[in-house]
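Let's take a friendly walk through a protein model together. Have the sequence and the 3D view side by side, and look up each residue as we come to it.

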Amino acid sequence: MTNSQVLFSFTDGVAELTLNRPEVHNAFDDNIIEALISHLEIAADLPDLRVLILRSAGKNFSAGADLAWMRRMADNSHDDNLKDAHRLARLMQLLNDFNRPTIAQIQGVAYGGAVGLAACCDIVIASETSKFCLSEVRIGLIPAVISPYVIRAIGERQARRYFISAEPFSAQQAMHFGLVHEVVAEDQLQSSADDMITKLLQNSPQGMYAAKQLIQAVSQQPINDTLIADTANRIADIRVSSEGQEGLSAFLEKRTPAWIK
């Protein structure tokens with residue numbers, strides 16, 4: 001899909017997905033959502049892809065939903081709104097379940113659905129001046145589609161406050177809540193994200209994907225015989241896999257594993 005409002009590049013194993021509507025603070029509408037879905041689906045099938053980073057052009061990561069789009073959808077039928085909501089849900093699910101590590105680089109504001117995009121990424125690096133807000137109730141709405149991912153990131157207790165108060169919270173608070181992993185100076189944001197990419201490129205691609213699957217399988221599950229058996233199977237499977245064998249051999253032979261170029 002060609003859309004100058006969403007840029008996609010792929011170089012040396014790294015895919016960069018950039019929201020490119022700085023004139024409206026990278027607010028997104030149905031066209032942006034479709035472009036993001038298309039790029040994520042294409043990226044997931046790139047055999048040499050190692051890491052995906054989500055960035056935005058301009059001063060702000062994203063102001064959330066475009067108000068003109070919201071106004072248009074308010075005039076549509078319930079069925080049309082349901083179809084529209086399912087597309088946003090598809091975007092969040094694709095990003096959350098993406099088969100490689102994902103990084104969100106946050107500057108300026110991340111409001112509404114943009115908080116959902118951050119919550120769906122594996123690693124979030126934010127500038128110290130960035131602000132977050134679940135602002136939907138201010139205009140009579142709720143953060144419904146993003147809620148499973150945001151509540152997992154910040155916990156029910158924080159969600160009970162910020163879903164209903166619509167108060168902005170700082171990058172430092174977001175890190176305390178668990179939404180953000182690292183807060184850096186504004187002028188260090190890109191270099192910090194690039195440093196994280198470099199670290200991820202040192203790791204086994206298969207191992208990182210298996211680790212993501214492991215987290216989803218184990219999170220919030222009771223520790224019982226079924227879960228214990230599943231985790232035992234997972235480590236046995238990866239030990240005998242090609243990258244598991246290569247990684248162990250490289251370690252024992254004190255050499256660089258084959259996945260590091």
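**Starting at Asp 66**

Leaving aside its neighbours within four places in sequence, Asp 66 is in contact with Arg 21, Ala 27, Phe 28 and Asp 29, where contact means heavy atoms within 4.5 Å. Before we go on, a word about the model: it is predicted, so local features need pLDDT of at least 70 and side-chain atom pairs count only at pLDDT 80 or more, while totals for chains, interfaces and linings use all residues. Residues are numbered from 1 along each chain as its sequence is written, and side-chain values use heavy atoms, with hydrogens and water left out.

Where does Asp 66 lie? Look in the loop between β3 and α2. Names like these refer to DSSP runs numbered from the N terminus: helices (H or I) have at least four residues and strands (E) at least two. Asp 66 counts as buried, at 11% relative accessibility. Buried means under 20% relative accessible area, exposed means over 50%, and partly exposed is in between (1.4 Å probe, protein chains only).

**Salt bridges**

Arg 21 forms a salt bridge with Asp 66, and their closest N and O atoms are 3.4 Å apart. A salt bridge is a side-chain nitrogen of Lys or Arg within 4 Å of a carboxyl oxygen of Asp or Glu. Arg 21 lies in the loop between β2 (14-19) and α1 (30-44), and Asp 66 in the loop between β3 (51-56) and α2 (67-74), so the pair ties together parts that are 45 residues apart in sequence. Arg 21 counts as buried too, at 10% relative accessibility.

The structure holds 12 salt bridges. Another of them links Asp 30 with Arg 72, the closest N and O atoms being 3.2 Å apart. Because Asp 30 lies in helix α1 and Arg 72 in helix α2, this pair ties together parts that are 42 residues apart in sequence. Here Asp 30 is partly exposed at 23% relative accessibility, and Arg 72 is partly exposed at 38%.

Now find Glu 246, which forms a salt bridge with Arg 255; the closest N and O atoms are 2.7 Å apart. Elsewhere, salt bridges that share partners join Glu 16, Arg 55 and Asp 194 into one network.

**Strands side by side**

Strands of a sheet pair through backbone hydrogen bonds, either parallel or antiparallel. For two strands to count as paired here, DSSP must find at least two bridges between them. Strand β1 (residues 6-11) is joined to β2 by six bridges, and the two run antiparallel. Within this pairing, Ser 9 has Glu 16 in β2 as its bridge partner. The hairpin of β1 and β2 has two residues between the strands, and there Asp 12 takes a positive phi near 50 degrees.

Six bridges also join β2 to β3, but these two run parallel. β2 is mostly covered, as five of its six residues are buried.

A further sheet is open and has three strands in the order β5-β7-β8, with mixed pairing. Its edge strands, β5 (109-111) and β8 (169-170), each pair on one side only. Strand β7 (residues 131-133) runs antiparallel to β8, joined by two bridges, and Phe 132 has Phe 169 as its bridge partner in β8.

**The largest pocket**

Finally, turn to the open spaces. The largest pocket has a volume of about 870 Å³. On a 1 Å grid over the protein atoms alone, a pocket is an open set of points where a 1.4 Å probe fits, with protein on both sides within 12 Å along at least five of seven lines; lining residues have an atom within 4 Å of a point. Grid points are joined across faces, edges and corners, and the volume is the space filled by probe spheres set on the points.

Of the 31 residues that line this pocket, the closest to its centre are Ala 65, Met 70, Glu 136, Leu 141 and Ile 142. The largest share of the lining, six residues, comes from α3.
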